[in-house]
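User: Please take a close look at one chain of this model, piece by piece, and then place it in its wider setting. I have the sequence and the coordinates open beside me.

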Amino acid sequence: MTWVDQGRAVLRLCYFNGIIPLWRSPLLIAAVFLTPFSFLFFLKVVAPAAAFPYGVVGGILFTVLFSGNGMLNDCAYLRLERQLQQVFVASPVRSFSYVLGMALSELAFTLPALVLFLGILAAILPISVGGFLLLLGVVLLTWLMATTLGFLISTMFRQLREIWPIGTLIFSGLAILPPIFYPANVVPSDVQWVAFLAPSTYAAQLAERAAGLSTGSLAPAFLGSPVFDLIGLVGGTVLFALAAAYLARWREP
Amino acid sequence: MEALVARGLSKTYRGRDRPVAALDGVDLVVERGRLFGLLGRNGAGKTTFIKIAATLLLPTAGTVHLFGHDVVRAPERVRPDVALVPQEGRPFYHMTPREHIYEYLRVRGASSETATARTEELLDAMGLRAVEREPSYRLSGGFQQRTLVAMILATEAPFLFLDEPTLGMDPFARRQVWEVIRAAARKGSTVLLTTHYLDEAEQLSEELAVIEGGRVLYRGTADSLRSTIRREVRLQFSGGFTTAELEPFGKVLVDRQRLVLLTARASVRELTELALQRGSEVTVGPVTLEEAFLELVGRGIEEDL
């Protein structure tokens with residue numbers, strides 16, 4: 001198969017696992033909306049009005065990060081429960097095409113929620129074109145990071161029941177524990193560095209800047225640097241992509 | 001010409017307490033264009049063999065070459081030539097049979113015209129026409145399995161791995177699938193099939209191998225398997241004999257309160273005359289493949305003990 005054929009395979013896989021399920025079971029979208037909008041609702045009720053835009057940015061990142069959990073569950077389900085990954089391994093479809101196709105299908109699930117969050121953000125903040133493009137870049141990198149991580153983990157286990165708690169644990173660690181729904185300077189200054197162990201914190205910092213929100217001062221001071229955030233997000237994405245490329249088990253050992 | 005050549009193929013899994021050998025030095029050759037049956041009990045190593053040959057699993061030792069390409073070192077050269085029906089596979093939850101066949105062909109790089117033509121052909125041949133637009137979650141287990149098999153057979157890949165392809169199908173559906181598998185072989189595909197339905201193995205396989213405990217116990221035709229066990233005749237008695245009386249002549253089985261003796265041709269005349277003298281009704285026929293298989297594998301197990 002040529003690279004053009006591989007590209008077509010990517011789009012068809014997205015159609016298999018994303019478009020068709022969405023078309024036939026539109027309620028699946030509700031599951032994607034539910035958690036981030038619940039968080040946003042709580043923020044709206046209990047937090048000062050200034051916190052709301054941070055919540056919207058957090059909702060965007062939460063939605064994208066949890067597409068990694070969707071990737072993990074879908075890939076594990078297709079491999080272990082339906083034995084369908086094997087059908088693609090024993091075919092001309094490359095592992096890269098399979099992963100990208102599945103990742104795009106997860107993006108298809110999150111797209112309605114993302115559009116809504118971006119719409120809300122555009123309605124409440126005057127975002128520049130540059131800021132909007134930066135935000136899209138952050139979303140893209142975060143999606144790559146989360147979905148490659150999801151695929152990697154999905155290939156590591158032999159039982160679906162083992163995977164469910166692991167996925168929840170890891171993606172909660174990336175999307176709920178780090179400061180993505182609020183600015184990082186809300187975290188007590190002596191443990192702010194801990195938040196930067198999660199690559200999603202860098203994504204949140206960059207996304208907040210892209211939306212024109214203040215990220216405040218952090219300790220140590222270099223944590224607040226946009227260059228540092230960019231290195232953190234790109235580094236995390238490259239790290240997870242490389243880990244997926246070299247450690248994921250396309251063929252069982 | 002050889003399609004598949006396995007030499008000294010071994011696979012050891014890490015067990016909970018100790019390593020478990022699924023394959024132990026398997027040598028096997030499958031000729032091009034053949035319908036080859038791989039038989040064995042549960043856990044004998046059939047699926048492990050297929051997984052290694054289809055590039056899904058790495059062996060612990062040994063080699064497999066498919067159309068001359070090493071499946072371990074050059075999987076990307078092997079994969080365009082293979083397609084696999086996995087054991088206990090299920091189709092995509094939301095997709096219809098038509099979508100499965102057409103879309104999978106397109107994913108593999110088939111043109112729209114080819115994919116459309118083969119989809120129409122397979123929908124008819126596999127009896128899926130009536131449910132072609134139903135999402136698979138609405139289909140019975142048998143129809144889901146047919147969908148998966150149709151999707152793979154439609155590829156017309158040079159090498160088809162079918163791991164229990166008719167599992168859960170009714171006898172009519174099984175026969176439809178057999179016809180499609182035969183047609184694939186006629187078109188030039190080499191087929192490696194595992195099944196627990198011995199009638200299916202006999203109907204389909206031009207050649208077969210029996211695996212037990214990770215080793216090849218037998219390789220040849222179904223007929224020669226019967227000769228191998230040296231008890232090629234089956235005598236069924238309605239009464240007049242005890243098990244102890246028949247045991248010196250061969251293997252005695254009890255089938256619905258009737259005694260069945262698997263024995264050599266040389267004993268048939270003596271036993272039928274004896275049966276007539278005793279007023280016992282006796283039916284004479286060839287040993288079934290299932291009986292030959294049970295006998296062969298039974299011996300293999302005894303030798304291991």
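Analyst: **A walk through chain B**

Chain B has an average pLDDT of 92, and 98% of its residues score at least 70; pLDDT is the predictor's confidence in each residue, from 0 to 100. This is a predicted model, in which local features need pLDDT of at least 70 and side-chain atom pairs count only at pLDDT 80 or more, while totals for chains, interfaces and linings use all residues. Residues are numbered from 1 along each chain as its sequence is written, and chains are lettered from A and ligands numbered from 1 in the order in which they are written. For the complex, the predictor gives an ipTM of 0.88 and a pTM of 0.90.

Let's start with the overall layout. Chain B holds eleven helices and 14 strands; these are DSSP runs numbered from the N terminus, with helices being H or I of at least four residues and strands E of at least two. Its C-alpha trace spans about 70 × 45 × 40 Å along the principal axes. The chain is assigned two domains, domain 1 (2–226) and domain 2 (230–286), with bounds that come from an automatic or database domain assignment. Taken over C-alpha atoms, the centres of domain 1 and domain 2 of chain B are 39 Å apart.

Now to the sheets. An open, antiparallel sheet of four strands in chain B has the order β2-β1-β4-β5. Here two strands pair if DSSP finds at least two bridges between them. At the edges stand β2 (20–31) and β5 (69–70) of chain B, each pairing on one side only. Helix α1 (residues 46–53) of chain B packs on this sheet and touches β1, β2 and β4 of chain B, its direction making about 120° with that of β1(B). (Axes are lines fitted to C-alpha atoms, for helices over the stretch in contact, and angles run from 0 to 180 degrees between N-to-C directions; two residues are in contact if their C-beta atoms, placed from the backbone, lie within 7 Å.) Within the sheet, five bridges link β1 (residues 2–13) and β4 (residues 61–66) of chain B in the antiparallel sense, and S10(B) in this region faces A61(B) of β4(B).

R73(B) sits between β5 and α2 (75–78) of chain B. R73(B) counts as exposed because 10 other C-beta atoms lie within 10 Å; a residue is exposed at 12 or fewer such atoms, buried at 20 or more and partly exposed in between, with C-beta atoms placed from the backbone. T55(B) lies 18 residues from R73(B) in sequence and 9.9 Å from it in space, C-alpha to C-alpha.

A second sheet comes next. It is open, with six strands of chain B in the order β6-β7-β8-β3-β9-β10 and mixed pairing. β6 (82–85) and β10 of chain B are the edge strands, each with a single partner strand, so one side of each has no neighbour in the sheet. On average, neighbouring strands of this sheet are turned by 15° against each other, direction ignored. β9(B) and β10(B) form a hairpin with two residues between them, where G213(B) in the turn has a positive phi of about 60°.

Across the whole of chain B, buried residues make up 48% of the 305 residues. Among its contacts with a separation of 6 or more, 68% join residues 24 or more positions apart.

Finally, the partner. Chain A has ten helices and zero strands. Of its 253 residues, 47% are buried, and its C-alpha trace spans about 55 × 35 × 35 Å along the principal axes. In the contact between the chains, chain A contributes 23 residues and chain B contributes 25 residues. On the chain A side, α1 (3–24) and α4 (84–89) each supply at least two residues, and the largest share, eight residues, comes from α1(A).
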